[in-house]
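Hello,

Here is the structure I promised to pass on. Please open it first; my notes follow below.

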Amino acid sequence: MLLDTHALLWFPDDDPQLVPTAKSLIEDPANRKHVSVATCWEIAIKAGLKKLDLGEPAITFLTRELATNRFELLGIELAHATFVETLPPHHKDPFDRLLVAQALIDNLPLVSADTILDQYGVTRLWK
């Protein structure tokens, strides 16, 4: 499965916004959990703009959380980047559009609270 940015941020803090079903899926060692490089990029941008306070540099946070939780980094391939061209404009956020492309191309369910992503036909794991 592929974690949306908010799922990655909420999981380590046991944030109540992360619903129990999503938390259980992330905690289950039988599930492979992927984090997109796009998510890492988004976190770094928001931290750099002071829109996100991680309490530490993004590289420190991401390196630790990826390793601690055995999250696999999912690279951005040319096919992912160019697939967004074919997506309808349901969502304007370029990071979310790239996550949709990765989920569809790599056949990964997406752990996300964002219901608008359902319009793309991704399998969204939340409830």
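Start with Arg97, which sits in helix α6, residues 94-105. Bear in mind that the model is predicted.

Arg97 has a relative accessible area of 14%. The cut-off for buried is under 20%, so Arg97 counts as buried. Its contacts, leaving aside neighbours within four places in sequence, are Val84, Leu87, Pro88, Pro89, His90, His91, Lys92 and Tyr120. Ser112 is 15 residues away from Arg97 in sequence. In space, the C-alpha atoms of Arg97 and Ser112 are 13 Å apart.

Now the whole chain. The protein chain has six helices and five strands. From the N terminus, the order is β-α-α-β-α-α-β-α-α-β-β.

On overall dimensions, the radius of gyration is 14 Å. A compact globule of 127 residues would have a value near 14 Å, so the two agree. Along the principal axes, the C-alpha atoms fill a box of roughly 35 × 30 × 25 Å.

Take the contacts with a separation of 6 or more: 61% of them join residues 24 or more positions apart.

Last, the charges. There are 12 positive and 18 negative side chains in the protein chain. The centres of the two sets lie 1 Å apart.

Best regards

Definitions and conventions
Residues are numbered from 1 along each chain as its sequence is written. This is a predicted model: local features need pLDDT of at least 70, side-chain atom pairs count only at pLDDT 80 or more; totals for chains, interfaces and linings use all residues. Side-chain values use heavy atoms; hydrogens and water are left out. Helices (H or I, at least four residues) and strands (E, at least two) are DSSP runs, numbered from the N terminus. The radius of gyration is taken over C-alpha atoms; the globule rule is 2.2 Å times the number of residues to the power 0.38. Contact means heavy atoms within 4.5 Å. Lys and Arg count as positive and Asp and Glu as negative; His and the chain ends are not counted. The place of a charge is taken as NZ of Lys, CZ of Arg, CG of Asp or CD of Glu. Buried means under 20% relative accessible area, exposed over 50%, partly exposed in between (1.4 Å probe, protein chains only).
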